[in-house]
Amino acid sequence: MKQTIFLIIVVGVVILGFGSIYTINETEQAVVTQFGKPVGGAITDAGVHFKTPIIQTVIKFDKRILEWDGSANEIPTLDNKYIFIDAFARWRISDALQFYKSAKNEMLAQSRLDDILDGAVRDEIANRTMVEIVRSSNRAMIIQDVESSSVNVNNKVIEDYSAKGARLDIVESILESVSKRLLDLNMGIEILDVQLKRINYTRQVQEQVFNRMISGQNQIAEKYRAQGQGKKQEILGMQVQRKKEIISGAYLESQKIKGEADANATRIYADAYGKSPEFYNFIKTLDTYSNTLDSSTQFILSTDNHYLKYLGK
Amino acid sequence: MAQKIKIGDVDIQIPSINFKKFGGLIPLLVILFLASLSFYTVDANENGVVLRMGKYSHTTMPGLHFKIPLIDRVYPIKVDFQSKLEFGFRTLKAGVRTEYSKRNFNQESWMLTGDLNIAQVHWIVQYKIKDAADYLFKVRDVENTIKDVSEATLRLMIGDRSFTEVLQAERRAIADAAKIHMQEILDKYETGIAIKMVQLQGVLPPDPVADSFNEVIRAEQEEETLVNEANQAFNKEIYRAEGEAKKLINEAKGYAIERINTATGDATLFELVLKEYNKAPQITRDRYYIETMNTVLGNAPNKVIVDSQLENFLPMMNLKNKGSK
């Protein structure tokens, strides 16, 4: 009997002993409740902790950074473009006690975050233009210049893509308003970061964008074709010009060569014949006689002729 | 002393063990068992993160280590292993002929460019665990976090560049900037992750507009072909013209040489004859005259000599014979 009582006491002590010890992992934090009411502060230190057995319960929460991934929302921008915004955030339970009091569990907290974050994103996006949302600086961009090509005649209104991008400001501003809201609500939640994951046009707008891109490319293609034809004509024209230049240049030079030769020949003749013009005259005249007077010539000679001077005697 | 238990029809005999015989062995077995729990090895590419009663104690390097049995827990973390995430596409089977998933990941790969066009971007991210303890304790679902951050970052980079830049000049810059930006955010979260590489695999116009982009390339090539053809014709004609030009000049040079040679020849002949003429002018003149007359009159078949004293003379010319003679 005595032994049995002793055994019961030992077992009881062991059960109570184990019931009063609990461990908190590095990834965990906890709140201790007594009959459903939290007792003391949040326990955030990892390691072994003690509590009153049986009447106190340990409720553990995650200490790590947790994710929030919103669903894509269709939001009109300030310049009336309908876009889908898909944002994500990272948050953590900064005060487990407050968190337990106001949000109870993670699932409920996520749904509260949905409301707060979706609202903040919507407010911010609706106040910004498309370019502000997409771009993050006013860095100058190289844009394929379809408009200025000579082929294109219809002048579209070119949007000002150089407007200051504000994506980082937007993200910052969403984070700020969500932080403020969470602080007001005192939910024990700290928001660490908000990022815009995906920004997409709605299907209809996307269609329009694709059509614009296609027509832009077609214009460029046309421009290349026309340029090709133009360049070809230019080259062919240049060919005619160059050919004429070459041939006429050669003609000019050949005439010059000939002219110089003729001048030289003339000088040579003049130098030689000038030594005795009288003899040249005589000998050339006689030469022309034998060249021009041939067998078909009829001669009627007078006896006065110098040649026949001996005949009359 | 065997004990018997009867279960239904079967008698099970429980063999009797004399515990006293093994009395010395049991503590030894317990000690061996505890000893085997006290040692663990960390593989070459791993770090061991040791939790003591749930609290982070220390990180151990590869090798054999001691731990307190039942109190310490060790998590092996592959710190040197390079993990890869794919965006916009998925590799089904890597190898010599890598297979890719045929599914489209437009939601993931289509993104807005700074000039509000849409580009299709495929990229990969390679990362390593640089701090095993942070990796384990600071963030829940680290891989998903890397994915989210990667998508947000790429869109941030693409969104600040024009479509043309994204397709061409800025690819490297985007990847470099994305790597830095991703690392900043992941460090802010204390994920314990080191981004090793961000690489843009393919940056293309999205499928619905791809044809029109190919058309531009074709048109560009057509332009080039037209120019090449024209240049070819140009060169052909110009080479011919240059040949013709040389021909003209060479002919002129030939003419010039001929002309001067002829003139010099004529002049030399004249000068030589003149030299002799000057020695005996009268006799030479007479000889030339008589010789010429001889030739000229010798060739003429009809000669009429009329006396100068004749008062009236009407020469009769047989015009008919003129042609036949």
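Strand E10 (residues 299–302) of chain A and strand E14 (303–306) of chain B run parallel, joined by four bridges. Strands pair if DSSP finds at least two bridges between them. Within this pairing, Ile300(A) has Val304(B) in E14(B) as its bridge partner. Helices (H or I, at least four residues) and strands (E, at least two) are DSSP runs, numbered from the N terminus.

This is a predicted model: local features need pLDDT of at least 70, side-chain atom pairs count only at pLDDT 80 or more, and totals for chains, interfaces and linings use all residues. Residues are numbered from 1 along each chain as its sequence is written, while chains are lettered from A and ligands numbered from 1 in the order in which they are written.

Now the contact between the chains. Chain B gives 93 residues and chain A gives 98; two residues are in contact if their C-beta atoms, placed from the backbone, lie within 7 Å. On the chain B side, H8(B) brings the largest share, 40 residues. By class, that side has 48 nonpolar, 16 polar and 29 charged residues. Ala, Val, Leu, Ile, Met, Phe, Trp, Tyr, Cys and Pro count as nonpolar, Asp, Glu, Lys and Arg as charged, and the others, Gly among them, as polar.

Follow H8 (residues 207–279) of chain B to helix H6 (residues 203–273) of chain A. Their axes come within 9 Å and cross at roughly 5°. H6(A) is therefore roughly parallel to H8(B) (angles under 35 degrees count as such). Axes are lines fitted to C-alpha atoms, for helices over the stretch in contact, and angles run from 0 to 180 degrees between N-to-C directions. This helix contact holds 42 nonpolar, twelve polar and 23 charged residues.

Definitions and conventions. Angles under 35 degrees count as roughly parallel, over 145 as roughly antiparallel, 65 to 115 as roughly perpendicular and the rest as oblique.
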